[in-house]
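Please open the structure in your viewer and keep the selection tool at hand.

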Amino acid sequence: MWISVVLALTVLPAMFGLSLGFTDLYIKVLVKTLEWAALRIQRAQKVPAVPCHLPNGIIQKGDSSMEEEIVELRRMHPHPLTGGNFTLCDTFYFCKKGIESIVEDQVTQRFTSEELASWNLLTRTNNNFHYISMRVTIIWGLGVFIRYCILLPLRIILAATGLSWLVIGTTLVGILPNSNVKDRISDLLHITCYRICARGLSAKIHYHNKENHPKKGGICVANHTSPIDIVILANDGCYAMVGQVHGGLMGLIQRSMVRSCPHVWFERSEMKDRHAVAKRLRDHVADKTKQPILIFPEGTCINNTSVMMFKKGSFEIGKTIHPVAIKYDPQFGDAFWNSAKYSMVAYLLRMMTSWAIVCNVWYLPPMSQQDGEDAVNFANRVKSAIAHQGGLVDLSWDGGLKRGKVKESYKEAQQKMYSSMISGINLNGSWEVTVD
Amino acid sequence: MGSTNSTLSKIPNAGDLMQETGFSPAHIVRLYDRYKALDKDKKGHLCPQDFGAIKELAMNPIKQVCQEVLDFPSFVRILAHFRPVDKNRPKDPNSPEHINSRSNKLKFIFQLYDQDKDGKISRQELLQVLRTMLEKQVTEEQLESIADRTIQEADLDRDDAISFDEFRKSMEKVNIEHKMSIRFLR
């Protein structure tokens with residue numbers, strides 16, 4: 001009985017895109033509670049208020065380039081520096097940089113969860129925060145109870161409902177003959193089910209610039225943090241998904257989804273052939289009746305503090321790109337999927353026992369490849385736009401480095417730069433170094 | 001970084017380490033998390049391959065910093081060389097010099113060059129470091145001439161090698177405290 005009431009209260013509004021305001025109220029209460037907790041913690045620790053997260057790490061890094069640093073080091077050298085310069089103190093720079101990388105490097109830190117400035121009352125984010133007071137502990141205990149005993153079962157039921165309706169519904173819709181009506185029913189079904197799933201995560205999503213929403217026949221690219229990105233984006237429109245065919249439950253969902261509207265699923269073997277992949281995507285995009293395809297060019301999940309290299313494949317198809325920036329608020333729940341650490345199921349459970357998923361989605365104006373611009377530069381341009389909008393760090397490191405090795409060419413580039421400092425000075429002789 | 005829940009109690013000999021290196025409890029915890037994160041295969045110690053996996057380090061011409069197997073105390077001791085010099089820490093004349101004193105920082109770099117630990121940087125050792133830093137970018141002759149010039153400048157007693165004192169003398173004016181220090185933000 002109870003369950004049907006709850007379902008009715010969520011499904012009906014989901015179909016019409018309305019909100020009963022429960023989530024908003026919940027979030028408001030949460031924000032007040034977390035602010036109160038933060039204040040108590042600060043008072044107890046006598047630490048000045050840290051207004052924002054430390055997305056850039058735990059050590060202070062200088063901004064100057066290799067050249068600037070080495071010139072400064074050499075300025076302090078006692079001997080006159082005549083041509084062909086290497087000094088023993090040059091190594092200081094490299095040594096310091098090396099030690100900095102050992103303590104913390106730009107790449108590895110992107111594959112672990114972002115650290116919070118102030119504890120958000122979840123045990124999992126408790127880093128360096130000690131016992132503060134009885135009241136904070138009580139609130140924390142209450143939080144545990146609410147999240148695990150009340151919210152978790154509710155969310156599991158909602159998610160299960162959403163997914164099963166998706167599978168059943170799309171299979172049924174697939175029986176209908178192809179027509180406009182079928183497409184519209186399919187769209188409605190998809191959106192409703194994704195909205196139910198979003199409620200199953202207590203997701204509060206704020207969409208900005210809806211006028212830039214991806215159109216049919218376009219390609220939508222977004223930064224990737226977790227599989228939930230799909231639910232987040234699909235709450236506001238229908239996309240054709242692109243991905244590998246999986247087995248098991250995922251495979252079941254994939255097969256039924258494709259019955260009601262076209263998605264692009266690749267077999268593992270097909271993925272190796274880049275031309276075949278590009279052709280299939282091109283064909284799909286060329287058909288104006290099909291939904292825009294959704295691609296995550298990073299190729300792997302990053303922790304939402306930065307955007308890593310975009311693989312150029314999606315930018316070679318030659319159509320308008322609609323960039324989308326997604327930024328999660330880590331205060332309410334960490335959305336990053338660390339696939340090395342957690343399986344999909346463990347990850348979803350963590351999601352469902354967080355406070356909520358709060359995120360902002362910005363639709364950026366469409367971009368196309370300019371004349372004379374190659375795919376790599378185009379990809380970088382789009383990446384910068386997304387990073388800039390979402391307030392993320394723009395990195396050119398390849399997300400694939402999560403598992404792979406750095407190319408020799410990077411090291412050679414650094415060596416070239418340094419060697420030009422040593423020998424280049426010989427050549428132009430215009431290097432002025434004042435000596436004490 | 002990360003949501004691991006290391007507390008000081010889990011770290012063996014944390015108290016001694018803090019005493020020896022001057023790191024605060026929060027720093028030791030973070031370094032321990034980092035140490036565990038680098039030790040991907042959970043061996044309990046770090047080997048050169050683990051450092052090879054650090055992407056930014058792979059680009060660094062100097063990788064000799066870590067050529068041997070490191071356990072956590074050794075790891076912390078190496079990093080302790082780069083702590084900023086504490087101006088406020090009381091100097092007990094009987095206790096050994098702080099790890100992050102100017103002299104010890106210089107010794108650290110000196111040992112990078114002096115591979116065989118004989119107290120002198122020979123021409124060969126200097127060439128070796130130069131080779132690692134520049135690899136294919138300069139010719140062998142250029143490397144040799146650079147090495148010759150460097151030794152000429154620093155070698156005061158004309159024994160064709162750079163002793164620690166000569167090294168220290170040539171670094172007199174360099175602001176070691178600033179150039180060889182890494183500040184932790186929290």
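**A charged patch, an annotated domain and several salt bridges**

Begin by selecting A:K341, B:K10, B:K36 and B:K42, which form a positive surface patch in this predicted model. B:K42 is exposed, its relative accessible area being 67%.

Next, select residues 218-329 of chain A, to which an unreviewed UniProt entry assigns the annotation "domain: Phospholipid/glycerol acyltransferase". Over this stretch, the chain is 34% helix and 22% strand, and the C-alpha atoms at its ends are 28 Å apart.

Side chains of opposite charge can pair when their charged atoms come close.

Select A:D394 and A:K383, whose closest N and O atoms are 2.8 Å apart in a salt bridge. This pair links distant parts of the chain, with A:D394 in strand β9 and A:K383 in helix α12, eleven residues apart. A:D394 is partly exposed at 36% relative accessibility, whereas A:K383 is buried at 3%.

Move to chain B and select B:E144 and B:R123, which meet in a salt bridge of 3.4 Å, N to O. B:E144 belongs to helix α8 and B:R123 to helix α7, 21 residues apart.

Finally, select B:R168 and B:D165, joined by a salt bridge with closest N and O atoms 3.5 Å apart. Both residues lie in helix α9 of chain B; because they are three residues apart there, about one helical turn separates them. B:R168 is partly exposed at 35%, while B:D165 is exposed at 53%.

Key:
Residues are numbered from 1 along each chain as its sequence is written. Chains are lettered from A and ligands numbered from 1 in the order in which they are written. This is a predicted model: local features need pLDDT of at least 70, side-chain atom pairs count only at pLDDT 80 or more; totals for chains, interfaces and linings use all residues. Side-chain values use heavy atoms; hydrogens and water are left out. UniProt positions are given in the numbering used here, feature names are shortened, and annotations may be inferred rather than shown by experiment. Helices (H or I, at least four residues) and strands (E, at least two) are DSSP runs, numbered from the N terminus. Patches are made of residues with over 30% relative accessible area and no salt bridge: like charges are joined within 9 Å, nonpolar side chains (Val, Leu, Ile, Met, Phe, Trp, Tyr) within 5 Å. Accessible areas come from the Shrake-Rupley method with a 1.4 Å probe; for residues, only the protein chains shown count as cover. A salt bridge is a side-chain nitrogen of Lys or Arg within 4 Å of a carboxyl oxygen of Asp or Glu. Lys and Arg count as positive and Asp and Glu as negative; His and the chain ends are not counted. The place of a charge is taken as NZ of Lys, CZ of Arg, CG of Asp or CD of Glu. Buried means under 20% relative accessible area, exposed over 50%, partly exposed in between (1.4 Å probe, protein chains only).
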